[in-house]
Amino acid sequence: MTGRLVLCATPIGHLGDASPRLAAALAEADVVLSEDTRRARVLLDHLGVETRPESYHAGNEADRSGRLAQLLEGGASVALISDAGTPAVADPGLSAVRIARQVGAEVSVIPGPSAVVAALAVSGLPSERFVFEGFLPRRGKERSAHLAALVAEVRTIVLFSATARVVQDLSALAAALGDDRRITVSRELTKAHEEVWSGTLGGAVEEWSRRRPLGEFTLVVQGSPGRVPPIERAVGEINTRIQAGEPMSEAVRRVADGLGMARRTLYEAVLRQD
């Protein structure tokens, strides 16, 4: 009989958010796999779990896949945790789920705290429909293309950002989406220095450029109002796509179709640029 993989959502900051069900799942597991064994040990000690955690992170997933398969095929109960939040959601764990499926093991989840949902709830922005974009690509064509794709996104946009990149990310979002787009910046949610700041993208760039950003950030950005943007904005999106390596004809077609504008009008506007 094959074993079971349990995806365990852990606190995103405050250890008091750990549920009794999480404690029970970790205590009952034969093996606890963790993104960072040192951070895992803090949580396990808090919950009174004596099991020694083993590492399972982005850098060693391939090497550990064989051991995970053997454990599950042998009938073991394996708990998987990441540093914070839910494994496999913007965190290591997807490969573990696939391995469990391949060997016919049961896969279950212990739900828990979520930075995405917490930040969305306090943002004051529409939450009926939203899209989670994880971290923006760091540089190059992939980053430009990703930003261009967000221009016409009508759903509320949720992103993660790190201390070292938050000002750059805010500046890039403001350039792509416009300074007047609404945003809520949540920092260190559930932790001692929790902060929630709301305003416009232009204001966010100014606010966080003059400060020393510290901690983990979740950005919740207003979706596109849905109206046809001015020709300048459409041309700007086409230019971004071209810079990312997309052929001009394809960029014009995609932007025109996405915004409901005439392809000929946009094509001529691009050609008229200085």
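Which residue in strand 10 is the bridge partner of leucine 159? I looked it up, and the partner is leucine 219.

**Ground rules.** I am working with a predicted model, where local features need pLDDT of at least 70, side-chain atom pairs count only at pLDDT 80 or more, and totals for chains, interfaces and linings use all residues. Residues are numbered from 1 along each chain as its sequence is written, and side-chain values use heavy atoms, with hydrogens and water left out. For strands and helices I follow the DSSP runs, numbered from the N terminus (helices are H or I, at least four residues; strands are E, at least two).

**Strand 7 and its neighbours.** I started from strand 7, residues 156-161. Strand 7 and strand 10 (residues 217-221) run antiparallel and are joined by five bridges. I count two strands as paired if DSSP finds at least two bridges between them. Strand 6 (residues 130-135) runs parallel to strand 7, with four bridges joining them. I noted two facing pairs here: valine 131 stands opposite isoleucine 157, and phenylalanine 132 stands opposite valine 158.

**How covered is it?** I checked burial next, taking buried as under 20% relative accessible area, exposed as over 50% and partly exposed as in between (1.4 Å probe, protein chains only). Six of the six residues in strand 7 are buried. In a regular strand the side chains alternate between the two faces of the sheet. On one side of strand 7 I find Thr156, Val158 and Phe160, on the other Ile157, Leu159 and Ser161, and all are buried.

I then traced the open sheet of five strands, which has the order 6-7-10-8-9 and mixed pairing. Strand 6 and strand 9 (195-200) are the edges, each pairing on one side only. On average, neighbouring strands here are turned by 15° against each other, direction ignored. For angles, axes are lines fitted to C-alpha atoms, for helices over the stretch in contact, and angles run from 0 to 180 degrees between N-to-C directions.

**Helices around it.** Strand 6, helix 6 (residues 140-150) and strand 7 form a right-handed β-α-β unit. Right-handed here means that, with the strands pointing away from the viewer, the path from the first strand over the helix to the second runs clockwise. Helix 7 (residues 166-177) lies across strand 7, strand 8 (182-187) and strand 10, at about 10° to strand 10. Contact means heavy atoms within 4.5 Å.

**Salt bridges.** How many salt bridges are there? I get 18, where each is a side-chain nitrogen of Lys or Arg within 4 Å of a carboxyl oxygen of Asp or Glu.

I picked out arginine 39 and aspartate 83, at 3.7 Å, N to O. Arginine 39 is in helix 2 (residues 37-47) and aspartate 83 in the loop between strand 4 (77-81) and helix 4 (94-102), so the pair ties together parts 44 residues apart in sequence. Arginine 39 is partly exposed at 41%, and aspartate 83 is partly exposed at 25%.

Arginine 241 and glutamate 246 meet at 3.1 Å, N to O. Arginine 241 is buried at 15%, and glutamate 246 is buried at 19%. Salt bridges with shared partners join Glu237, Arg241, Glu246, Glu250, Arg253 and Arg254 into one network.
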